[in-house]
Amino acid sequence: MTHRQFKDALYGQVARVGRAAASPRRLEMLELLAQAERTVVSLASEIGLSLANASQHLQALRHAALVEPRRQGAFVYYRLADPAIAQLAMALRSVAERRVPEIERLVQEHFGDRSDPEPVPMQDLLKRARARDVVLLDARPAAEYEAGHIAGAISVPIDQLQRRLRSLPADREYVAYCRGPYCVYADRAVAVLLRSGRCARRLLEGFPEWRAAGHPIAHGRGTRAAARPRRARRTTATTTGGSGWR
């Protein structure tokens, strides 16, 4: 094999990944699978596809080694084949945000003004989480929270927030987060909390960005009730359950 043939073969294999990701539906699937593993039925329902169409997209991703299946009883769950795949999807989105003006227009039309209250950048939240002076509220579905969440966050899925308000202290400040910057769950959670008289803001980014930055995360059911602040010291390892801050 000549060096030219090697390069052609090499970039041909790399291009397999690009071709598999070159679909709006597949990119959305990758972002959903960055939250937690899912069945074909779950993905089809979330994205609004037929089962057959969702299955075809998953097979394209699987052939490019981007996702892998796991069978459990009668169900097959799909997950990202490598954590770097979530970072790939985020990198594509980031480049598009910087280079494609149409994205800013679409976001503005859909979300309107999201600057009031001002969102909390990830680095600011990291400092405040260490000090335990905010309550981190995960507004995603419970299954996604259990698959991975910001250490110390409480799980209050957006469809349960209104009826669970009584269990949330009114004298605390809340920072809500969800799947990422274009997920509506955190916006809706902040709106509900503000209407109830609580102080609330949303995280500018989402859980995948927090995890990719190497900040503390936890798995499992974790914390279910908002705790009172206490002096904090960061643990150095990713935790399973618990707060992740001591």
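# Pockets, sheet and helix packing

By class, the lining of the largest pocket has 17 nonpolar, two polar and six charged residues (Ala, Val, Leu, Ile, Met, Phe, Trp, Tyr, Cys and Pro count as nonpolar, Asp, Glu, Lys and Arg as charged, and the others, Gly among them, as polar). The model is predicted, and local features need pLDDT of at least 70, side-chain atom pairs count only at pLDDT 80 or more, while totals for chains, interfaces and linings use all residues. Residues are numbered from 1 along each chain as its sequence is written, and side-chain values use heavy atoms, with hydrogens and water left out.

**The largest pocket**

- The volume of the largest pocket is about 690 Å³ (the space filled by probe spheres set on grid points, which are joined across faces, edges and corners).
- A pocket here is an open set of points on a 1 Å grid over the protein atoms alone, where a 1.4 Å probe fits and protein lies on both sides within 12 Å along at least five of seven lines; lining residues have an atom within 4 Å of a point.
- Its lining consists of 25 residues, and those that lie nearest the centre of the largest pocket are Leu 27, Glu 28, Glu 31, Arg 93 and Tyr 182.
- Two or more residues of this lining are given by each of helix H2 (24–33), helix H5 (83–99) and helix H11 (207–212), where helices (H or I, at least four residues) and strands (E, at least two) are DSSP runs, numbered from the N terminus.

**The second largest pocket**

- The second largest pocket has a volume of about 350 Å³, and 16 residues line the second largest pocket, with Leu 33, Ala 34, Leu 80, Pro 83 and Arg 211 lying nearest its centre.
- The elements that give two or more residues to the lining of the second largest pocket are strand S3 (75–80), H5 and H11, and H5 provides the largest share, four residues.
- Sorted by class, this second lining has 10 nonpolar, two polar and four charged residues.

**The sheet**

- An open sheet is formed by three strands in the order S1-S3-S2, with antiparallel pairing (two strands pair if DSSP finds at least two bridges between them).
- Strand S1 (38–39) and strand S2 (67–72) are the edge strands, each of which pairs on one side only.
- S1 and S3 are joined by two bridges, and Arg 38 stands opposite Tyr 78 in S3.
- Helix H2 packs on the sheet and touches S1, S2 and S3, with a direction that makes about 95° with that of S3 (contact means heavy atoms within 4.5 Å).
- S2 and S3 run antiparallel with six bridges between them, and Val 67 has Leu 80 as its bridge partner in S3.
- Between S2 and S3, which form a hairpin, there are two residues, and Gly 73 in the turn has a positive phi of about 65°.

**Packing of two helices**

- H2 packs with helix H4 (residues 51–63) at an angle of about 75°, and their axes are 10 Å apart (axes are lines fitted to C-alpha atoms, for helices over the stretch in contact, and angles run from 0 to 180 degrees between N-to-C directions).
- H2 contributes Arg 25, Arg 26, Met 29 and Leu 30 to the contact, while H4 contributes Ala 54, His 57, Leu 58, Ala 60 and Leu 61.
- The contact of H2 with H4 has, by class, six nonpolar, one polar and two charged residues.

**Backbone features in loops**

- Asp 116 and Pro 117 are joined by a cis peptide bond, for which omega is about 0°, and Pro 117 lies in the loop between helix H6 (101–111) and helix H7 (122–131).
- Ala 65, in the loop between H4 and S2, has a phi near 65°, which is a positive value in a residue other than glycine.
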